[in-house]
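Subject: Structure handover

Hi,

Here is the structure I promised to pass on to you. Please open it alongside this email, and my notes follow below.

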Amino acid sequence: MWQEISRIGRKLVHSGLVESHFGNISVRMGDKMLITRSGSALDELTSEKVVEVDVCDTCALDVIASSETVVHRAIYNSTSAFAIVHAHCPYAVTMSLLQGEGCISPLDSEGRYFLGDIPIVQGGIGSAELAVDLAKVLTVHKAAIVHGHGTFAIGRVLDEAYVLTTQVEHSCRIKYLHDLMCK
C-alpha cells in the first residue's frame with residue numbers, strides 16, 4: 001500500500017497541488033492506518049517514510065507520523081473514508097484567505113455537481129479543534145479547506161481523494177479568476 005501512497009504523493013507534487021515536503025496522505029486498514037511520516041517529501045516516498053499507527057488511539061509511532069495524524073484519526077473515526085489526501089493547493093488556500101469563513105460556492109458546473117459548497121474550517125495545524133471540526137464537516141462533504149492551510153479530501157480509495165483534491169483546486173482557480181475579472 002505504501003506504493004499507492006507514493007504514487008499519489010508524486011501526482012500531488014507534479015501537478016502543483018503541494019510543495020514536496022508539505023501535505024500528507026493516509027489509508028485506513030481496519031483498526032490501523034498508514035500515514036506519511038512528518039517532514040517527508042511526497043514525491044520521494046519510500047516504505048520507511050510511511051508509518052502504521054492505530055486509528056482509535058494514540059500510539060508510540062505518533063511522534064514520527066505526520067503532525068496531522070490526530071486529524072486523520074478523527075476523520076476515520078467519524079466517516080466511512082478509507083483514504084485521506086491533505087494538500088496545500090494554492091488557489092484553495094488563497095480563496096480561503098479571501099473568503100475568511102463559511103463556504104466557497106463553485107461557479108464551474110463540475111464543481112457544483114461533484115462538490116457542492118466547499119466548507120472552510122478553522123483550526124491550527126494538527127490541533128484537537130481542527131480534528132473535531134474537520135471530521136464533523138466531512139461527515140456531510142467529500143472535501144473541505146482549512147483556512148489558510150489547505151485541503152482535506154476523503155474517499156473510498158486514494159484515487160478518489162486525489163480527484164476530489166484536484167476538483168477543489170480547479171473550482172477555486174475558476175472562482176478566483178472570475179472574481180478577479182469581475183472587479
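The buried residues of α5 are covered by elements that include α2 (69-78), β6, β7 and β8. Buried here means under 20% relative accessible area, with exposed over 50% and partly exposed in between (1.4 Å probe, protein chains only). Helices (H or I, at least four residues) and strands (E, at least two) are DSSP runs, numbered from the N terminus. Before going further: this is a predicted model, in which local features need pLDDT of at least 70 and side-chain atom pairs count only at pLDDT 80 or more, while totals for chains, interfaces and linings use all residues. Residues are numbered from 1 along each chain as its sequence is written, and side-chain values use heavy atoms, with hydrogens and water left out.

Back to α5. Its buried residues are L130, A131, L134 and A135. They sit on the same side of α5, because they cover an arc of only 120 degrees around the axis (the arc is that of the directions from the helix axis to the C-beta atoms). The face turned away from that buried side carries the exposed residues A128, V132 and K136. K136 counts as exposed because its relative accessibility is 64%. K136 also lies 7.9 Å from I75 in space, C-alpha to C-alpha, although 61 residues separate K136 and I75 in sequence.

I75 brings us to α2. This helix is mostly covered, with seven of its 10 residues buried: T69, V71, H72, R73, A74, I75 and Y76. The buried residues of α2 pack against β1, β2, β3, β4, α5 and β8, where packing rests on contact, meaning heavy atoms within 4.5 Å.

Now the sheet. Eight strands make up an open sheet with mixed pairing, in the order β3-β2-β1-β4-β8-β7-β6-β5; two strands pair if DSSP finds at least two bridges between them. β3 (50-54) and β5 (102-104) stand at the edges with a single partner strand each, so one side of each is left without a neighbour in the sheet. From one strand to the next, the twist averages 25 degrees. Angles run from 0 to 180 degrees between N-to-C directions, and axes are lines fitted to C-alpha atoms, for helices over the stretch in contact.

Strands β1 (residues 24-29) and β2 (residues 32-36) run antiparallel and are joined by four bridges. In β2, K32 is the bridge partner of M29. Helix α3 (residues 90-99) packs on the sheet, where it touches β5, β6 (118-121), β7 (143-146) and β8 (150-155), and its direction makes about 135 degrees with that of β5. Helix α5 (residues 128-137) packs on the sheet too, touching β6, β7 and β8, with its direction at about 170 degrees to that of β6.

What about the interior? The largest nonpolar core has 31 residues, of which I5, L12, L158 and V168 touch the most other members. Such a core is a set of buried Ala, Val, Leu, Ile, Met, Phe, Trp, Tyr and Cys residues joined through side-chain atoms within 4.5 Å. Two or more residues each come from α1 (2-14), β1, β4 (83-87), α3, β6, β7 and α6 (158-181). The largest share, six residues, is that of α6. Leaving aside neighbours within four places in sequence, I5 is in contact with I25, V27, L34, T36, L45, V50 and L158. Apart from this core lies another, of 22 residues, including I35, A81, L130 and A135.

Which aromatic pairs are there? The structure holds two. Rings of Phe, Tyr and Trp (its six-membered ring) pair if their centres lie within 6.5 Å; planes under 30 degrees apart count as stacked, over 60 as edge-to-face and the rest as tilted. Y91 and Y176 have ring centres 5.6 Å apart and planes at 65 degrees, so this pair is edge-to-face. The pair links distant parts of the chain, 85 residues apart, with Y91 in helix α3 and Y176 in helix α6. Y91 is partly exposed at 26% relative accessibility, and Y176 is partly exposed at 28%. Y113 and F114 form an edge-to-face pair as well, 4.8 Å centre to centre with 90 degrees between the planes. Y113 is exposed, with a relative accessible area of 66%, whereas F114 is partly exposed at 38%.
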